[in-house]
Amino acid sequence: MNTLKSFLFLLFILLSLAGCTNLLYLSKLGWHQSLITFHSVPIQEVLDNQRVDHESKEKIRLVQEVKGYGEKKLGLTRTENYSKYFEDKGPVLHVLTVSEKDCLRLYHWNFPITGKVTYKSFFTKKGVLKEKRIFEERGYDTFVQQAGAYSTLGWLKDPIFSSMLQWEEATLTNLILHEMVHATIYFKGQTDLNEQMATFIGNHGAIHFLTEKYGKESEQVVGAIHNQEDDILFSRWIDQACQRLSKFYSREVSRDEKIKGREEIFCSLKEEFKKISFKTDCYKDFEKININNAVLLAYHQYVHRLENFHALNEYFENDLRRMIDFFKEIRTSGREPSSYLERWMKERGISVPASLQ
């Protein structure tokens, strides 16, 4: 499919689902995605290219192994993702998160296919900064992050981006499995649950895969375990941070007083964060960020409730495939996933620390 046909195909899907809503934004996404599709080349061409270094080729082969593992061992959906390669020249995506200033409430956008989403993605820095300014002028907190990959939820063939090949094996394995989860199980309008589920399965799946490939004492497995442990540490810290802020925002004082008073809490939170002993560099840049509600909630939606997923995994005797099948069943049933999951766990006596619920 050439660039123009790819673009028109994407635009047709988006328009048929959304009418004119967000037309300009969606058409820009479609155009950039079609360029990526057009300029992506088959993996075998890269592997046969003598100018491509050995390490990059090994990372490409690793991605193929991880994909095969996810499909065969974990039951993740078989796709043609990662069968092509795209040479990117910077962050793959720029992601904007927006929040109210006087309460922990994320702004959300409604899109076709995904439903309600609490972040908005841009292929260009110019685009995301323009949107950021608009919301700041309207009195919101904002936060912009760069993403190294994304999932089109099985609608298109997601390529291997060249920037992925710079990552360590544990991180790369985790990322591929994370995105494969999105292409397998996606609950429309449930951003938090989708991201937390993918985070947990990415962490555990990486440990399982790397253990089979390199052995449990290998540096790759140690790295994957440390990634998981750091996510848990960060999850606990940010859960408590959000609880503290929620309590402060619930006070019967004016909006201006809340906005002024929260700065002291933000400073305190940064000092507490500096005391955490992380084992990896996953969160090394966090203390450099000026904290606001959008920052905390952007991270929170990825790592909140990880303890719940650990408890659920133990119930399934650490069989990750059984856990994935369980979420597939919830999706197929059409039930509201978050409330159903909470009720299901409670009925079976699956408990997590009360402070983290």
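Helices (H or I, at least four residues) and strands (E, at least two) are DSSP runs, numbered from the N terminus.

Colleagues, this is a predicted model, in which local features need pLDDT of at least 70 and side-chain atom pairs count only at pLDDT 80 or more, while totals for chains, interfaces and linings use all residues. Residues are numbered from 1 along each chain as its sequence is written, and side-chain values use heavy atoms, with hydrogens and water left out.

Two strands count as paired if DSSP finds at least two bridges between them. Strand 1 and strand 2 (residues 84-86) run antiparallel and are joined by 2 bridges; K84 in strand 2 is the bridge partner of P42.

Next, the aromatic rings. Rings of Phe, Tyr and Trp (its six-membered ring) pair if their centres lie within 6.5 Å; planes under 30 degrees apart count as stacked, over 60 as edge-to-face and the rest as tilted. By this rule there are 31 aromatic pairs. One of them, F234 with F286, is edge-to-face, at 5.3 Å centre to centre and 80 degrees between the planes. This pair links distant parts of the chain, 52 residues apart: F234 belongs to helix 8 (residues 219-249), and F286 to the loop between helix 9 (255-274) and helix 10 (293-303).

Why does F234 count as buried? Its relative accessibility is 0%, and buried means under 20% relative accessible area, exposed over 50%, partly exposed in between (1.4 Å probe, protein chains only). F286 also counts as buried, because its relative accessibility is 2%.

Finally, I come to L193, placed in helix 7 (residues 191-214). L193 counts as buried because its relative accessibility is 2%. Leaving aside neighbours within four places in sequence, L193 is in contact with F187, R305, F309, P337, S338 and L341. Its C-alpha atom is separated by 9.7 Å from that of V303, 110 residues apart along the chain.

Definitions and conventions: Contact means heavy atoms within 4.5 Å.
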